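Reader: I would like to learn how to read this model feature by feature. Where do we begin?

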Amino acid sequence: MHRLSGLALAVFLPMHFWALGLALRGDAALEGFLRFSDRPLFKLAEWGLVVLLALHMMGGVRLLLIEFTRWSGLRKNWIAGAAGFAALVGMAFALALLF
Amino acid sequence: MSVNASERAGAASTTASSAGAGGDAGAASNEASIAQAKRWYWQRISAMVLAICVLIHLAVIVHAVRGGLSAEEILGRTRGNWGFAMFYGVFVIACAVHVPVGIANIAEEWFGFEPRNALGLARAFALVLLVMGLRAVVAVVV
């Protein structure tokens, strides 16, 4: 899960950088792209990406804790925490989009 | 005592000669291990930087997306904002370190890439991320 989400994010990143780079051509270019991205499918994909990002990060933090601390019994707590956090961020994003 | 000393000397020379005989292979695999350890180390360090950057970035996203996105709004916030530029510059560099290590690992372990080719792929991707990322930062700040 950690690797798959990482791979998805890795594929997304260049697109993200490209879109932002549109601003080099002036505000109108970026605005054009933003209007294009106003469709539901896009928003769904964005929501998915935000969730993936949260998941990937929580998995990573868990790994760092396992490797660098002596805590035990982490696994279940952190998986729960990861899912919770990912859901939270996803919802915050969705809510922000709705309003 | 002289017996012990000579035993130790014997053991030492045996080790030395076996290291010498397996020298080339030993050195190569040693190098590979060091390379792998460095990759691991850089991935963890960049991960720690990214964890912080991502938290801040997520907060920025959630705030920015309220009421819809518009170029005017975004660029109004980012143009001339050098603090923003520094933060996102660091973010881009950390990504350019972290993502390629993961890509190289996946290439080797899931797709059977040769270490040399995985490294090449990783470096190419790092360059792409670095150039496109820094260009994007310049695009919204300058």
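Author: We begin with a definition: contact means heavy atoms within 4.5 Å. This is a predicted model, in which local features need pLDDT of at least 70 and side-chain atom pairs count only at pLDDT 80 or more, while totals for chains, interfaces and linings use all residues. Residues are numbered from 1 along each chain as its sequence is written, chains are lettered from A and ligands numbered from 1 in the order in which they are written, and side-chain values use heavy atoms, with hydrogens and water left out.

Reader: Then which residues does A:Val89 touch, not counting residues up to four places away in sequence?

Author: A:Val89 touches A:Val50, A:Ala54 and B:Leu58. The C-alpha atoms of A:Val89 and A:Val51 are separated by 6.7 Å. Those two residues are 38 residues apart along the chain.

Reader: Is A:Val89 buried or exposed?

Author: Take the cut-offs before the case. Buried means under 20% relative accessible area, exposed over 50%, and partly exposed in between (1.4 Å probe, protein chains only). A:Val89 counts as buried because its relative accessibility is 9%.

Reader: Where in chain A is A:Val89 placed?

Author: In helix H4 of chain A. Helices (H or I, at least four residues) and strands (E, at least two) are DSSP runs, numbered from the N terminus.

Reader: How many helices does chain A have, and how many does chain B have?

Author: Chain A has four helices and zero strands. From the N terminus, its elements run α-α-α-α. Chain B has five helices and zero strands. Its pattern along the sequence is α-α-α-α-α.

Reader: How do I read each chain as a whole?

Author: Look at burial, contact separation and surface. In chain A, 37% of the 99 residues count as buried. In chain B, buried residues make up 32% of the 142 residues. Now take contacts between residues at least 6 apart in sequence. In chain B, 80% of these join residues at least 24 apart. In chain A, residues 24 or more positions apart account for 62% of the contacts with a separation of 6 or more.

Reader: And the surface?

Author: Accessible areas come from the Shrake-Rupley method with a 1.4 Å probe; for residues, only the protein chains shown count as cover. Chain A exposes about 5,900 Å², and carbon and sulfur atoms supply 75% of it. For chain B the accessible surface is about 8,500 Å², with 69% belonging to carbon and sulfur atoms.

Reader: What area is buried between chain A and chain B?

Author: Buried area is the accessible area (1.4 Å probe) that two parts lose on being put together, summed over both. Between chain A and chain B it is about 3,100 Å², and carbon and sulfur atoms give 77% of that. A:Arg3, A:Phe17 and A:Met57 supply 21% of the area that chain A buries against chain B, more than any other three residues. By contact, 33 residues of chain A meet 38 residues of chain B.

Reader: How many salt bridges are there between chain A and chain B?

Author: Start with the idea. Side chains of opposite charge can pair when their charged atoms come close. A salt bridge is a side-chain nitrogen of Lys or Arg within 4 Å of a carboxyl oxygen of Asp or Glu. The count between chain A and chain B is two. Over all chains it is three.

Reader: Which residue forms a salt bridge with A:Arg3?

Author: B:Glu109, with the closest N and O atoms 3.0 Å apart. The pair crosses from A:Arg3 in helix H1 of chain A to B:Glu109 in helix H4 (residues 82-111) of chain B. A:Arg3 is partly exposed at 26% relative accessibility. B:Glu109 is exposed, with a relative accessible area of 55%.

Reader: Why does the pair of A:Glu67 and B:Arg44 join two chains?

Author: A:Glu67 lies in helix H3 of chain A and B:Arg44 in helix H2 (residues 23-64) of chain B, so the pair joins two chains. Their closest N and O atoms are 2.6 Å apart. A:Glu67 is partly exposed at a relative accessible area of 30%, while B:Arg44 counts as buried at 13% relative accessibility.

Reader: What about B:Glu108 and B:Arg39?

Author: Their side chains meet in a salt bridge (3.2 Å, N to O). B:Glu108 lies in helix H4 of chain B and B:Arg39 in helix H2 of chain B, so the pair ties together parts that are 69 residues apart in sequence. B:Glu108 is partly exposed at 24% relative accessibility. B:Arg39 is buried, with a relative accessible area of 18%.
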